Amino acid sequence: MRKWSGYIIILTLVLLVSACGSDSSQSSQNTTQSSHANSGGDQQEKVKLSFIHWRGEDVEVLDRIIDKFKQENPNIQVETQVFPSDQYQSTAQAKIADGSVGDVFTVFPGAQFQAIAKAGLFTDLSTESWLDHFEPNLIAAGQLDGKQYALPYQLVYNIPVYNISLFEKYHVDIPRDWNSFLEAMEVFKQAGLTPIAFPGADIGPGQLMNSMVMNNAPDEEIFVKLEAGEAKLTDGWWVTTLSQFKELNDRGYFQKDAVGAKQDSSIALFVQEQAAILATGSYHLASNKASNPNLKQGLLAPITVSADQAVYEGIHTTTFMLAVNSKSKHPEEAKLFIEFLSRPDIAGEYANGTGQNVTVKDVEYTSEELQIVSEWTKKRTRFQPRFTISNAEVQKAVTNSIQAVLSGESAEKAAADAQAIVEQQIGE
């Protein structure tokens, strides 16, 4: 009996311990479930956002801004990928197509915007309350069919940058017509300088064409009419533009082998003060200054007609358009990131850190570069003509015709070849 009593006592103790363990485990599980159910911000699932763009020169400033965003939103991690602008234009759509890359992405106005909209890769942002942070007249480039698909963040001027000190040193006034522009370039050539650093192998044709064509074809719908079959590249406005490109090249006003020159080498010429003009735009003012703190810069658009025929003084663009990928698994977090970028204090930090004017209201500009740019808000400028071309192949035909004349083709032949491509694209 004593033996059996001992067994019974042991068995009872085992059952009690087991029951306690079970209760403890169940209690722990219930506590964990309750914690997750009432977690609020602390226990939220970590989200990783992909942000892609083409502004390599902005990375340092954007990294600081992203760090601030993470401090406010510790559960959201933002990973950035940056691509060269020419590569971005041709590959961005493919990169964002499945939603694995580019929860937030930037887009160029014009052909790229149209193509991505047609592919259904934009999230409609029309009802977001933070759209009020932007100047309404500066975000139209991101609209289609009454919906706001992208938010232009930058206001830039696609106007060549010039070296003020060199113009002063050689007593060259700002040219007001085509003849005085040619005369000014000859002064710099005779001084042993490169008059115009022109990146003909990548961004140059698509940038300089805007100010070269703006007064040759003052109709702001000229490229819309081209794609509608109502205008042709073989008409006088474009043949004249190509002839003037050829004239600049034939006179030696571009660097040698300009058609093969890339952006970096052209910028280096200008920053080292070996070139009087850099044929890009205001978006390079800040990085130029960072490379050469003694550089004095301004903006100068060539006037291709007589002074009394000039309608426009320059070109502006609202670009670096922020968008949310319709394939994103985290659309609300992506919107939160764009909302953060649109706050006036954050937009001001971006603007003054990068030297870019922005489309956000109530931003205070402090940098020297932005003060240079601000002068142009009072001048007669038109929206970048190249970005009014909605068909990417038509846009390519237009810029390729510029490269053709720089390679020795006649203006008439280059225009005819480009027009043939346009007619194929529009079905004529």
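## Packing of helix α4

The buried residues of α4 pack against α3 (85-96), β3 (104-107), β4 (143-144), β11 (314-324) and α15 (392-406). Buried means under 20% relative accessible area, exposed over 50%, and partly exposed in between (1.4 Å probe, protein chains only). Helices (H or I, at least four residues) and strands (E, at least two) are DSSP runs, numbered from the N terminus. This is a predicted model: local features need pLDDT of at least 70, side-chain atom pairs count only at pLDDT 80 or more, and totals for chains, interfaces and linings use all residues. Residues are numbered from 1 along each chain as its sequence is written, and side-chain values use heavy atoms, with hydrogens and water left out.

In α4, the buried residues are A111, Q112, F113 and I116. An α-helix has 3.6 residues a turn, so residues three or four places apart point the same way. After α4 comes G120, with a positive phi near 75°.

## F113 and its neighbours

F113 lies in α4, which spans residues 111-118. F113 counts as buried because its relative accessible area is 2%. Leaving out residues up to four places away in sequence, F113 touches V107, F108, F122, A141, G142, Q143, L144, Y149, A150 and M321. Contact here means heavy atoms within 4.5 Å. One of these partners, Q143, is 30 residues from F113 in sequence and 9.4 Å away in space, C-alpha to C-alpha.

## Two nonpolar cores

The largest nonpolar core has 52 residues. Such a core is a set of buried Ala, Val, Leu, Ile, Met, Phe, Trp, Tyr and Cys residues joined through side-chain atoms within 4.5 Å. F105, F122, Y153 and F337 have the most contacts inside the largest core. A second, separate core of 48 residues includes F167, W178, L233 and Y253.

F105 has contacts with I52, Y88, I96, I116, L121, F122, M321, L322, A323, V324 and N325, not counting residues up to four places away in sequence. I116 is among the buried residues of α4.

β1 (residues 47-53) and β2 (residues 76-82) pair in the parallel sense over seven bridges. Pairing requires that DSSP finds at least two bridges between two strands. H53 stands opposite V82 in β2.

With helix α2 (residues 59-72), the two strands β1 and β2 make a right-handed β-α-β unit. Right-handed means that, with the strands pointing away from the viewer, the path from the first strand over the helix to the second runs clockwise.

Most residues other than glycine have a negative phi. D145 is not a glycine, yet its phi is positive, about 55°. F320 is not a glycine either, and has a positive phi of about 50°.

D145 is found in the loop between β4 and β5 (147-148). At 71% relative accessibility, D145 is exposed. F320 is found in strand β11. With a relative accessible area of 1%, F320 is buried.

S211 lies in helix α7 (residues 204-213). Its relative accessible area is 1%, so S211 is buried. S211 touches N158, P160, A301, P302, T304 and I315, not counting residues up to four places away in sequence.

## Whole chain

The chain's secondary structure comes to 16 helices and 13 strands. Of its 428 residues, 50% are buried. Among contacts with a separation of 6 or more, 77% join residues 24 or more positions apart. The chain exposes about 19,600 Å², computed by the Shrake-Rupley method with a 1.4 Å probe. Carbon and sulfur atoms supply 49% of that area.
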